[in-house]
Amino acid sequence: MDIEKLFDENEKPLDNLVEDGGFCGIFRTIVCIGDSLSSGEFISTNENGDMGYHDFYDYSWGQHIARRTGAKVYNASRGGMTARRYLSSYGRETGSWWDERIDDNKVDAAKIIALGVNDINEAYGKKESLGDISDIDLKDCKNNKDTFAGNYAKIIQRLREEQPKCRIFLMTIPRGDQCEEWKKLADRHAELLHEIAGLFEFVYVIDLRKYAPEYDENFKKKFYLGNHMNPMGYLLTAKMVMSYIDWIIRHNMDDFKQIAFIGKPYHHLGEKW
C-alpha cells in the first residue's frame, strides 16, 4: 500500500466517494445544524393538489452518515430554518444549546452547519444584504449585528462556548437552476462562509457550490421529489459530505490528531491542539 496516495495534492474533494465514511469516522458524535435539506424532508401532494412537508430524520444525510460510520449523529434541524431562527425560536423550543444532553455537548467533536437556503430566500424577497464579516464581534458575539453573517458567526461562537475544541464544518449551497439574482446571493453566501471560516481556528468549508455536481434538470429528475430530495438524493448528499470531510482530514492531518481528547482532561504536548 502506498499511503502517499492518500495525500495527493491534485485530488479534488469529491474525486473519490467513500462508502464507509473514510476518515470522517474518527468523529464519534456529530451535530448537524440545518434546514429541511438536513432533515430528510419529503414533499407530498394529495388529490386536491395540497402539499405536505415532512421531516423524516431517519432519511436525512446525517443519519446516513451515522449508519455508515457508527457515529452518534444529532439532527439540530427542521424545515424553514435560518440562522436567525436557530438562535431564537428553535433554541428556546429545544432547550437552547441542547441543554437536555449537556454531557454529550462536551464531547461533540464535529458540528456541521448547513444553513443558508432560507436566509437567501429572505434576502432575495426583501432585497436585503446578507451582511459581511464586519457584522461580527469576535470578542463578544452578543454584539454581532442581526444579519445572516452576524447570526451565522454567533452560532459558531456559541458552539465554541460549549466545546472550544470542536471542529466545525460549514456547507455551501450547490449550483442549481435558480434565477440569476438568487445565484448571485448563493455565490455571496459561499464567499461569506469562506471569510467566516478564516476568522476561527478549526473551521472548514464543505464547498459543494464549487465541487458538487450542478443540481440541474437531469440531476433533479434522478434525485428530487418535488422541490426537495428523494431518498436517493439524501443518501448521495451523505456520501458527498462524508467524502469531503474525509478529504479535509487527509489534507490537514495535524488538525485532527487529538480528536479523541475533545471533552476530556487530556492533551498531547507538542501537537496542534
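Mentor: Let us begin with a definition: the expected span of a helix is 1.5 Å times one less than its number of residues, and helices (H or I, at least four residues) and strands (E, at least two) are DSSP runs, numbered from the N terminus. This is a predicted model, in which local features need pLDDT of at least 70 and side-chain atom pairs count only at pLDDT 80 or more, whereas totals for chains, interfaces and linings use all residues. Residues are numbered from 1 along each chain as its sequence is written, and side-chain values use heavy atoms, with hydrogens and water left out.

Trainee: How many residues has helix α6, and what distance does it reach from its first C-alpha to its last?

Mentor: Helix α6, residues 180–197, has 18 residues and reaches 26 Å, close to the 26 Å expected at 1.5 Å a residue.

Trainee: Which residues of α6 are buried, and why do they count as being on the same side?

Mentor: Buried means under 20% relative accessible area, exposed over 50%, and partly exposed in between, with a 1.4 Å probe and protein chains only. In α6 the buried residues are W182, L185, A186, H189, A190, L192, L193, I196 and A197. They lie on the same side of α6 because they cover an arc of only 160 degrees around the axis, the arc being that of the directions from the helix axis to the C-beta atoms. The face turned away from this buried side carries the exposed residues E180 and K184.

Trainee: What covers the buried residues of α6?

Mentor: Contact means heavy atoms within 4.5 Å, and the cover includes α4, α5 (148–162), β6, β7 and α7 (208–211).

Trainee: Where is E122 placed, and which residues does E122 touch?

Mentor: E122 sits in helix α4, residues 117–126, and, leaving aside residues up to four places away in sequence, touches T82, R84 and R85. E122 counts as partly exposed because its relative accessibility is 23%.

Trainee: How many residues has the largest nonpolar core?

Mentor: A nonpolar core is a set of buried Ala, Val, Leu, Ile, Met, Phe, Trp, Tyr and Cys residues joined through side-chain atoms within 4.5 Å. The largest one here has 41 residues, and I206 is among those with the most contacts inside it. The largest share of this core, 11 residues, comes from α9.

Trainee: How many bridges join β2 to β3?

Mentor: Two strands pair if DSSP finds at least two bridges between them; here 5 bridges join β2 (residues 41–45) to β3 (residues 51–55), and the strands run antiparallel.
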